[in-house]
Amino acid sequence: MKTKGGIRIAIAGVGNCASALIQGLHYYTPARGAEDVVGLMHESLGGYRPSDIEVVAAFDIDARKVGTDVSRAIFARPNCVVTFQPEVPDSGVTVRMGAVLDGLSEHMAAYDPQRTFVRADAPESTKADIVAELRRSGAQILLNYLPVGSEQAARFYAECALEAGVGFINNIPVFIASDPEFASRFAAKGLPIIGDDIKSQLGATIVHRVLTDLFAKRGVKLLRTYQLNTGGNTDFLNMKNQQRLESKKTSKTEAVQAVAKVRMEDETIHVGPSDYVPWQNDNKVCFIRMEGQLFGNVPMELELRLSVQDSPNSAGVAIDMIRCCKLALDHGVGGVLAGPSAYFCKHPPVQYTDDEAHELVEAFIETYAVQAVPA
């Protein structure tokens, strides 16, 4: 059996997360899917498999990526993601110069070019250029993988998606799906949007949420908590500029607050990136501490250390987001996809517990699953 057609995606920002995603599209072959698949929440989602996803357009601003086939650009510096699928054939898709806007933080110029972005010496694409490329390529969905803090650039690409008539997946903590105006505009055009700020498969936010929910369900009063994260990729280097961190801290903090039994005071909860450690590369290390009271007001403490490869940890989630977005396109469903946004993102328009969000996603998939057709 084969699925009903493919999924054509465009990517804004060919960084570590895009690299992990594209490697995964080639790693999870139909043959591997017939085995006991490790690392996917859904091997087949609504009739679509990872190998049904095809990158047809890509945009970046780095000199080592612009003008290069996207299958080679994903391994170019400053990317430092682990290579788990070294054989990625040329795609025939050339990375085009995107729009810079606020996507490049000035402080990064002080660092080694191998660790930071190098602006390409090429004219920036205009909105008309991006829209034309999305239409020419036949892209159905645009994924936003820009650096944290790219407020203007994220909105620029969301506008491009609206004009080009494609779905939009907002993987970064700029509030697009959770902005009522943007949400209503996507709904009015019958275009699906999922956002905001992708959760990792098993990362700091989801672990912190599960533990916070566990405290609430087991009658433990949570008094104080922090989540401290270190890493060595461009995401952590970019976030050394504290002015770019406001929406990231809001997104991560609200994801934890949403499952607390009682909303915590600001001074008793700290969630956010802590420091850039170059030699960690794409390895992210998270430290969580939780202080509470058990039966009889007896104190307790929990400390946890989590170490993951940051970018592959989000790629499986992105693959599910893409397939849910395609199911919505198949059935003419526009606007914010509430269940997928709540399950896959840290800052959806409506927060649910992870159990509730999981049920909503499974119901969404069951409702809109495509029918397989004979091979």
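In which handedness of crossing does α7 pass α9? The crossing of α7 past α9 is right-handed, a crossing being right-handed if the near helix is turned clockwise from the far one by less than a right angle, and left-handed if anticlockwise. The structure is a predicted model, in which local features need pLDDT of at least 70 and side-chain atom pairs count only at pLDDT 80 or more, while totals for chains, interfaces and linings use all residues. Residues are numbered from 1 along each chain as its sequence is written, and side-chain values use heavy atoms, with hydrogens and water left out.

Two packed helices are described by the angle between their axes and the distance between the axes. Helices here are DSSP runs of H or I with at least four residues, strands are runs of E with at least two, and both are numbered from the N terminus. Axes are lines fitted to C-alpha atoms, for helices over the stretch in contact, and angles run from 0 to 180 degrees between N-to-C directions. The axes of α7 (residues 204-217) and α9 cross at roughly 25° and come within 8 Å. α7 is therefore roughly parallel to α9, since angles under 35 degrees count as roughly parallel, over 145 as roughly antiparallel, 65 to 115 as roughly perpendicular and the rest as oblique. From α7, residues A204, T205, H208, R209 and T212 meet K252, A255 and V256 of α9, where contact means heavy atoms within 4.5 Å. By class, the residues of this contact are three nonpolar, three polar and two charged; Ala, Val, Leu, Ile, Met, Phe, Trp, Tyr, Cys and Pro count as nonpolar, Asp, Glu, Lys and Arg as charged, and the others, Gly among them, as polar.

Helix α9 (residues 246-257) also holds Q257. Q257 is buried, with a relative accessible area of 5%; buried means under 20% relative accessible area, exposed over 50% and partly exposed in between, with a 1.4 Å probe and protein chains only. Leaving aside neighbours within four places in sequence, Q257 contacts R263, M264 and I269.

On the α4 side the contact is made by K127, I130, V131, L134 and R135, and on the α5 side by F156, Y157, E159, C160, E163 and A164. This contact of α4 with α5 has seven nonpolar, no polar and four charged residues.

The largest nonpolar core has 43 residues, and I9, L21, V70 and I322 have the most contacts inside it. A nonpolar core is a set of buried Ala, Val, Leu, Ile, Met, Phe, Trp, Tyr and Cys residues joined through side-chain atoms within 4.5 Å. Its largest share, nine residues, comes from α10. Not counting residues up to four places away in sequence, I322 touches I7, I9, L21, I53, I141, L143 and I169. Apart from this core lies another, of 31 residues, including A12, I176, A177 and F186.

P349 is found in the loop between α11 (338-344) and α12, and is partly exposed at 39% relative accessibility. Its C-alpha is 7.6 Å from that of D179, although P349 and D179 are 170 residues apart in sequence. In α12 lies E366, which is exposed, with a relative accessible area of 69%. E366 and G46 are 320 residues apart in sequence and 6.9 Å apart in space, C-alpha to C-alpha.
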